[in-house]
Amino acid sequence: MDPETALLAQSAGVTLVTLMTTDAWHRTREGITQLWRRAQPHRAEAVVAELEATREDALAAGEADDRETLGELHLEWQGRLRRLLAAHPGAAAELRLLLDELEPRGSTGPTIAQHASASGQARIYQAGRDQHNAQR
């Protein structure tokens, strides 16, 4: 499996388990179920049951602040998704679209914080114009 697909499975596993405890759960479950129905229809009902069981575990782990269990659940779904993508490489595009829909702009990635301070000597640029000089 190529590194990009492996990274996709990893990201999707974390995102899936994380979304199990949010209001986005129903849409997430629907999307993952549709993915399996297209790629491995014979496994779709079992996957639905596994999703529900994992959700119960994730909710309990979240309430208990049990990071170890959450980590295990992430790894479990990463493995399932990796195996699905290895058997059906065409499913990667559909999984990417689902993740983009559920987590717009890659919000599962690292967060970047910016800090600013004012010195009183700043210039404002707007549409290519130097506002400091335009006011003179």
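Where is the place of Asp65? Asp65 is placed in the loop between α3 and α4, and it is shown with other sites of this predicted model in the views below.

**View 1. Overall fold of the protein chain in the predicted model.** The protein chain holds six helices and two strands. Along the sequence, these elements follow the pattern α-α-α-α-α-β-β-α. The chain has 136 residues, of which 33% count as buried. Among contacts with a separation of 6 or more, 69% are accounted for by residues 24 or more positions apart.

**View 2. Asp65 in the loop between α3 and α4.** The phi angle of Asp65 is near 55 degrees. This value is positive, in a residue other than glycine. Asp65 has a relative accessibility of 53% and counts as exposed, because the cut-off for exposed is over 50%.

**View 3. The largest nonpolar core.** This core has 28 residues. The members that touch the most other members are Ile32, Leu51, Trp77 and Leu95. At least two residues of the core come from each of α1 (3-19), α2 (25-39), α3 (44-63), α4 (67-87) and α5 (91-102). For Ile32, leaving aside residues up to four places away in sequence, the residues touched are Leu16, Val47, Leu51, Leu95 and Leu98.

**View 4. The aromatic pair of Trp36 and Trp77.** The count of aromatic pairs comes to one. Trp36 and Trp77 form this pair in an edge-to-face arrangement, with 6.2 Å from centre to centre and 90 degrees between the planes. Helix α2 holds Trp36 and helix α4 holds Trp77, so the pair ties together parts that are 41 residues apart in sequence. Trp36 is buried, with a relative accessible area of 2%. Trp77 also counts as buried, at 0% relative accessibility.

**View 5. The largest cavity and its lining.** A search of the whole structure finds one cavity of 30 Å³ or more. About 40 Å³ of space lies in the largest cavity. Two or more lining residues are given by each of α1, α2 and α5. Helix α5 supplies the largest share, four residues. By class, seven of the lining residues are nonpolar, two are polar and none is charged.

**View 6. Leu98 in helix α5.** With a relative accessibility of 8%, Leu98 counts as buried, because the cut-off for buried is under 20%. Not counting residues up to four places away in sequence, Leu98 touches Arg27, Gly31 and Ile32. Leu98 and Arg27 are 71 residues apart along the chain, and their C-alpha atoms are separated by 9.5 Å.

**View 7. Leu35 in helix α2.** Leu35 counts as buried, at 1% relative accessibility. The contacts of Leu35, with residues up to four places away in sequence not counted, are Leu81, Leu84, Ala91, Glu94 and Leu95. One of these, Ala91, is 56 residues from Leu35 along the chain, with 7.2 Å between the C-alpha atoms.

**View 8. Gln40 in the loop between α2 and α3.** Is Gln40 buried or exposed? Gln40 counts as buried, at 15% relative accessibility. Residues touched by Gln40, apart from those up to four places away in sequence, are Leu84, Ala87 and His88. From C-alpha to C-alpha, Gln40 and His88 are 8.6 Å apart in space, and they are 48 residues apart in sequence. Leu84 is in the contact list of Gln40 and also in that of Leu35.

Note on methods
Residues are numbered from 1 along each chain as its sequence is written. This is a predicted model: local features need pLDDT of at least 70, side-chain atom pairs count only at pLDDT 80 or more; totals for chains, interfaces and linings use all residues. Side-chain values use heavy atoms; hydrogens and water are left out. A nonpolar core is a set of buried Ala, Val, Leu, Ile, Met, Phe, Trp, Tyr and Cys residues joined through side-chain atoms within 4.5 Å. Buried means under 20% relative accessible area, exposed over 50%, partly exposed in between (1.4 Å probe, protein chains only). Contact means heavy atoms within 4.5 Å. On a 1 Å grid over the protein atoms alone, a cavity is a set of points where a 1.4 Å probe fits but cannot get out, and a pocket is an open set with protein on both sides within 12 Å along at least five of seven lines; lining residues have an atom within 4 Å of a point. Grid points are joined across faces, edges and corners, and a volume is the space filled by probe spheres set on the points. Ala, Val, Leu, Ile, Met, Phe, Trp, Tyr, Cys and Pro count as nonpolar, Asp, Glu, Lys and Arg as charged, and the others, Gly among them, as polar. Rings of Phe, Tyr and Trp (its six-membered ring) pair if their centres lie within 6.5 Å; planes under 30 degrees apart count as stacked, over 60 as edge-to-face and the rest as tilted.
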